[in-house]
Amino acid sequence: MSSGKVIVYGGKGALGSAILEFFKKNGYTVLNIDLSANDHADSNILVDASKNWVEQEQSILEQAASSLQGAQVDGVFCVAGGWAGGSASSKDFVKNADLMIKQSVWSSAIAAKLATTHLKPGGLLQLTGAAAATGPTPSMIGYGMAKAAVHHLTASLAEKDSGLPENSSVLTILPVTLDTEMNRKWMPKADHSSWTPLSFISENLLKWTTESSSRPSSGALLKIVTANGESTITPQ
């Protein structure tokens, strides 16, 4: 069993909880960062949504330093995010775009900052983009804008002098539809064999954390597609 440490940013949501519990089961100490605590985590940092981006960063960095006490982590996994639609003519266009940027861009940038301080050399930073945002998203522009920004952040972090530790990797997953309780509740008649199990993502993150040679190239956007119950990862 491992005695490593990881940070899960968004560890209270469906995917984040699955990752957190999977790493715990495999002997890791897990620090959760989210709007609310996950009781399975070894420690929790609560995000105050009333604070601006800089204030959130400062608060999270201070609490992470206090929690880790100088220890370095093997992985920083950012699966925070959400979804909201709307074209440019939508009444809530800017409101939804603002929410998407807060949920995906703020969290991803703070996760990257945490990695510059607490990730081990050779460690793994994982962010979450979206397959849809590799092209135009006219009916959900705010969502596409936010995820495209995460894709750009990924490419930049993979380059020399980005600030990440030596020999570390940054990978961004592009899920299509995840097999969650909520998705099954709202889409009961959908083809569930085309939904990606949360365990598939958790297992790959553990493999990439423990076996650096198994990782796709740093900076890769990894499209995750499931068909007939079989999931595949394709670098974009």
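Modeller: Start with Trp-186, which sits in helix H5 (residues 181-186). Helices (H or I, at least four residues) and strands (E, at least two) are DSSP runs, numbered from the N terminus. The model is predicted: local features need pLDDT of at least 70, side-chain atom pairs count only at pLDDT 80 or more, and totals for chains, interfaces and linings use all residues. Residues are numbered from 1 along each chain as its sequence is written, and side-chain values use heavy atoms, without hydrogens and water.

Biologist: Is Trp-186 buried or exposed?

Modeller: Buried means under 20% relative accessible area, exposed over 50%, partly exposed in between (1.4 Å probe, protein chains only). Trp-186 counts as exposed because its relative accessibility is 64%.

Biologist: How do I read a nonpolar core?

Modeller: In soluble globular proteins, nonpolar side chains tend to be buried together. A nonpolar core is a set of buried Ala, Val, Leu, Ile, Met, Phe, Trp, Tyr and Cys residues joined through side-chain atoms within 4.5 Å. Here the largest has 26 residues. Leu-114 is one of those with the most contacts inside it.

Biologist: Which elements give two or more residues to this core?

Modeller: Among them are strand S1 (5-9), helix H2 (53-68) and helix H3 (93-118). H3 gives the most, with 5 residues.

Biologist: What does Leu-114 touch?

Modeller: Contact means heavy atoms within 4.5 Å. Leaving out residues up to four places away in sequence, Leu-114 touches Tyr-9, Ile-33, Ile-60, Leu-61, Ala-64 and Leu-119. A second, separate core has 25 residues, including Val-6 and Ile-173.
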